[in-house]
Amino acid sequence: MAKKRPQTKAKPQPIDGEIPVVGAREPCPCGSGRRYKACHGRAAAHAATELVQRPFEGLPGECDWVALRELVPAATAELTLKDGLPEGVPSVTLATVLPMAWPALRRDDGSVLIGLQNDTASGDISRDLADTLRRALEAEPGTPVQGRRAPAEGPRLQDLLDAEAAFEPVVHSGFEFWVPDAENATPEVAASLERANAAAIPTVKLAGVDAAYWCETPEKNHLRWVMPHPEEQLLDALARLHAAGRSSLGEGTRLVGSFRAHGLTVPVWDLPGGVGAEEVEKPAAEFAERLAAALAVQEPLTPEERRARGGLTNRQVTLS
């Protein structure tokens, strides 16, 4: 019986720059002689499926990033790049949604719009958005940027944006910010604009506290408040206030539960239909003071507080 020859696996050969993404059965661009899926494609596949729990962590205004991604229909925020704006790009603006759900748009004047609420190809929204941003900065003026799978080792938003710059969302009543001259928009864009405006829920960002958004629905109004505190600590504090009858925002209002979104917790209050955003400003500021005091309490929860916590947890919904 003939002896089997020992088999040796070719080792990936280093090449300059990033490894390009190719078909799973194609030879790996690193030169190892192996198929891409068995070589560098393993890392790419892992990066595409591994969910980053807090994709906006470390960015200024993380809570507002989460709100614009999940809660706010129409809003924009100017972005400041770490290395400054490239020549020919007068501004970069984050938008909740763009026409036809484009991931990004390079306008005729060279300015860039980036859509935040688009589906992403991997488990890291930050990396996908950073890839879209880089391609938008290089796109020809007047063209949209299409979606794609971002390179596994590509930069994230945290690598491209200035960590010291303020993040200040502006909430709009509609999507007219899509086009400089809405009256002269193409029929396709005009139709998309009309559909988007019809579906937008009236929303207002409170001025007195961070990342709290009032919204109006046909049945009742709501306040949805994205908070940065660790989830378990926040739920304990909310339970203490709820058990003490101090979790409301005034007469007729009620803390009804919370969302979990991108690693942060979003308490939600029901408001009477006649209560607008301005009427909630003072009660929200007063609640923020009560919450700060409750967060500082170290004692174990009482039986009543544990029951209140269980009720809040049972009404928690995960958005991401």
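Me: Is Glu219 buried or exposed, and why?

Reply: Glu219 counts as exposed because its relative accessibility is 64%. The cut-offs are these: buried is under 20% relative accessible area, exposed is over 50%, and partly exposed is in between, with a 1.4 Å probe and protein chains only. This is a predicted model, where local features need pLDDT of at least 70, side-chain atom pairs count only at pLDDT 80 or more, and totals for chains, interfaces and linings use all residues. Residues are numbered from 1 along each chain as its sequence is written, and side-chain values use heavy atoms, with hydrogens and water left out.

Me: Where does Glu219 lie?

Reply: Glu219 is in the loop between β8 and β9. Strands are DSSP runs of E with at least two residues, helices are runs of H or I with at least four, and both are numbered from the N terminus. β8 and β9 make a hairpin, with four residues between them. The C-alpha atoms of Glu219 and Gly273 are separated by 7.3 Å, though the two residues are 54 apart along the chain.

Me: How do I read strand pairing, and in which sense do β8 and β9 pair?

Reply: The general idea first. Strands of a sheet pair through backbone hydrogen bonds, either parallel or antiparallel. Two strands count as paired if DSSP finds at least two bridges between them. Here β8 (residues 212-216) and β9 pair in the antiparallel sense, over five bridges. Ala212 stands opposite Trp225 of β9.

Me: Which residue in β11 is the bridge partner of Arg224?

Reply: Val268 is. β9 and β11 (residues 264-271) are antiparallel, with four bridges. β11 also pairs with β10 (residues 254-261), in the antiparallel sense over seven bridges. In that pair, Leu255 stands opposite Trp269 of β11.

Me: What is the strand order of the whole sheet?

Reply: Six strands form an open sheet, ordered β7-β8-β9-β11-β10-β12, with mixed pairing. β7 (203-205) and β12 (316-318) are the edge strands, each pairing on one side only. Neighbouring strands are turned by 25 degrees against each other on average, direction ignored.

Me: How many residues of β9 are buried?

Reply: Five of its five residues, so defined by the under 20% cut-off. Both faces of β9 are covered. Asn221, Leu223 and Trp225 are buried on one side, His222 and Arg224 on the other.

Me: Which strands does α7 lie across?

Reply: α7 lies across β7, β8, β9 and β11. It runs at about 40 degrees to β9. Axes are lines fitted to C-alpha atoms, for helices over the stretch in contact (heavy atoms within 4.5 Å), and angles run from 0 to 180 degrees between N-to-C directions.

Me: How do I read a pocket, and what volume has the largest pocket?

Reply: Rolling a probe the size of a water molecule over the atoms shows where empty space is left. On a 1 Å grid over the protein atoms alone, a pocket is an open set of points where a 1.4 Å probe fits, with protein on both sides within 12 Å along at least five of seven lines; lining residues have an atom within 4 Å of a point. Grid points are joined across faces, edges and corners, and a volume is the space filled by probe spheres set on the points. The largest pocket has about 320 Å³. Its lining has 16 residues, with Leu105, Asp108, Trp178, Val179 and Pro180 nearest the centre.

Me: Which residues lie nearest the centre of the second largest pocket?

Reply: Asp210, Trp225, Met227, Pro228 and His229, out of 14 lining residues. α2 (62-70) and α7 (277-295) are the elements that give two or more residues to this lining. α7 gives the largest share, four residues. The volume of this second largest pocket is about 200 Å³.
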